[in-house]
Amino acid sequence: MSDLKRLGLHDLHVELGGKLVPFAGYEMPVQYPMGVMKEHLHTRAEAGLFDVSHMGQVILKPKAGMAALIAGFEALMPVDVASLPEGRQRYGLFTNEAGGILDDLMFANRGDHLFVVVNAGCKEADIAHMTAKLGAVAEVIAITDRALLALQGPKAEAALEALVPGVAAMKFMDVAVLASPAHGEIWVSRSGYTGEDGFEISVAEAQAESFARALLASDGVAPIGLGARDSLRLEAGLCLYGHDIDTTTSPVEAGLTWAIQKVRRTGGAREGGFPGAARILAELAEAPARKRIGLRPEGRAPMREGVTLWDAAEGGTQVGLVTSGGFGPSVEAPVAMGYLSAGYDGPLFGEVRGRRHAVARAPMPFQPTTYKR
Amino acid sequence: MKYTEEHEWLRVEGDLVVVGITGHAAEQLGDVVFVELPETGTQVAAGDEASVIESVKAASDILAPLDGEIVEVNERLTTSPGLVNDDPLGAWFFKMKIDDLSVLDGFMDEDAYNALIG
């Protein structure tokens, strides 16, 4: 694994017994000795600490005022950037000219600049994309000297408040730059990707290990690997880039229309004007050819990525495809998501190892979220 | 008790061979959430896929270690797949009837298996 990059907290992961696997060019802990199932349940019952430093942290610093930067950023996404108040974060999507998704991301208004967090596997392409498109209005600064940690679950607030006073007052999707007496300047958002209340925390690499150790010493906080991160986000109904969404899926097909505010839709004050607007606005008006849905296999066999969905127990026609799936430890049953052809509302069967099993449509999230709104 | 390179254990019970997976295999797989068992009466050849085991991480095949007939399966694993992790030596998958029990001599004993997983 010599060509893989190591996380700043690599030695800590090894010390904690993390099993390291290659992921998005990094050696990442997939699980700790607790194991995926217990790590998942621990996060929902107490709190889990995830190292997500492989993700891209980017500052967009305006060259000539925030208005020009915001207009430029809005031109990359079907998302309302302009109305985002200072101190708030929003979910966004970079689209391509064909209306597909280049990446999904979080962006925050930090007063005199925007702070963006993008997926690890896309970060180089995203930075190149932003540099090319926003170079005239912003400096695109990749932050490479800060770790990014996620602290998720019901005990996250108390654990973090003890180290970084002020976070308890934050609401879901608030962002703040706060001082930790022992760990310097901390960039916090009250968000995450597990469906639980929690925080994502950017901390200078020099302080990251002592900060992580302090969190791990807090009541109820355990280290959690990528395995449980995946099952937690799956139960929360959240998309994984490269699996549930990619350059061929539009935001409308992916069921991410909640991320496309009215102001950017047909009839809105700033309608269109983003890559792929023709397709995306047409799909909003007329419904797309396929749609991402939640699935609950009726048996106990998990239906994983790649399982084909059919309209009959034998023969028949393929009507869809599973893009993420597995066992949901909190749901205590298999859960999945995938794409289903528009207009088909009959029974569904997923083909696992050559045999068809009944699968029901199900609303997402599969597990109720606990965001602090 | 005998062991295969596929991390299965084999135990003789009368004229039958009982098949399960080792604690090492269970640990590598992680939490088992689903077990698909063969049908009794099935004739299998060594190396045939005889069961499927799914953990939170992935699906794996359990191969028939020998030629023979599946005569009994452990239905408890269907409803309580976690038994494979909790008690791997007790959580047998299926029992096979084979022609000649002496073929078991060709499999690893416990010391050899422990050396393999080192």
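Two strands are taken to pair where DSSP finds at least two bridges between them, and on this basis the predicted model contains, in chain A, an open sheet of three strands in the order S1-S3-S2 with mixed pairing. The edge strands of this sheet are S1 (5–6) and S2 (19–23) of chain A, each of which pairs on one side only.

The two pairings made by strand S3 (residues 26–31) of chain A can be described in turn. With S1(A), strand S3(A) pairs in the parallel sense over two bridges, and within this part of the sheet A:Arg6 stands opposite A:Glu27 of S3(A). With S2(A), by contrast, S3(A) runs antiparallel, and five bridges join the two strands; here A:Leu20 stands opposite A:Pro29 in S3(A). Strands S2(A) and S3(A) form a hairpin with two residues between the strands, in which A:Ala24 takes a positive phi near 50°. In general, strands of a sheet pair through backbone hydrogen bonds, in either the parallel or the antiparallel sense.

A helix pair in chain A was also examined. Two packed helices are described by the angle between their axes together with the distance between those axes. For helix H5 (residues 156–163) and helix H6 (residues 205–216) of chain A, the axes come within 10 Å and cross at roughly 135°. Since angles over 145 degrees would count as roughly antiparallel and those of 65 to 115 as roughly perpendicular, H5(A) and H6(A) are therefore oblique to each other. The crossing in which H5(A) passes H6(A) is right-handed. On the H5(A) side the contact involves A:Ala159, A:Leu160 and A:Leu163, which meet A:Phe211, A:Ala214 and A:Leu215 of H6(A). By class, this contact of H5(A) with H6(A) comprises six nonpolar residues, with no polar and no charged residues.

Annotated regions are recorded for both chain A and chain B. In chain A, the UniProt annotation "domain: GCVT N-terminal", from an unreviewed entry, covers residues 9–262; this span is 26% helix and 31% strand, and its end C-alpha atoms lie 42 Å apart. For chain B, UniProt lists residues 16–97 under "domain: Lipoyl-binding", likewise in an unreviewed entry. Over residues 16–97 of chain B, the chain is 18% helix and 43% strand, and the end C-alpha atoms of the span are 5 Å apart.

Notes:
Residues numbered from 1 in each chain as written. Chains lettered and ligands numbered in written order. Predicted model: local features only at pLDDT ≥ 70, side-chain atom pairs only at ≥ 80, totals over all residues. Heavy atoms only, no water. Helix = DSSP H or I, 4+ residues; strand = E, 2+ residues; numbered from the N terminus. UniProt positions renumbered as here; feature names shortened; annotations may be inferred. Axes fitted to C-alpha atoms, helices over the stretch in contact; angles between N-to-C directions. Parallel < 35°, antiparallel > 145°, perpendicular 65-115°, else oblique. Left-handed = near helix turned anticlockwise from the far one by under 90°. Contact = heavy atoms within 4.5 Å. Nonpolar A, V, L, I, M, F, W, Y, C, P; charged D, E, K, R; others polar.
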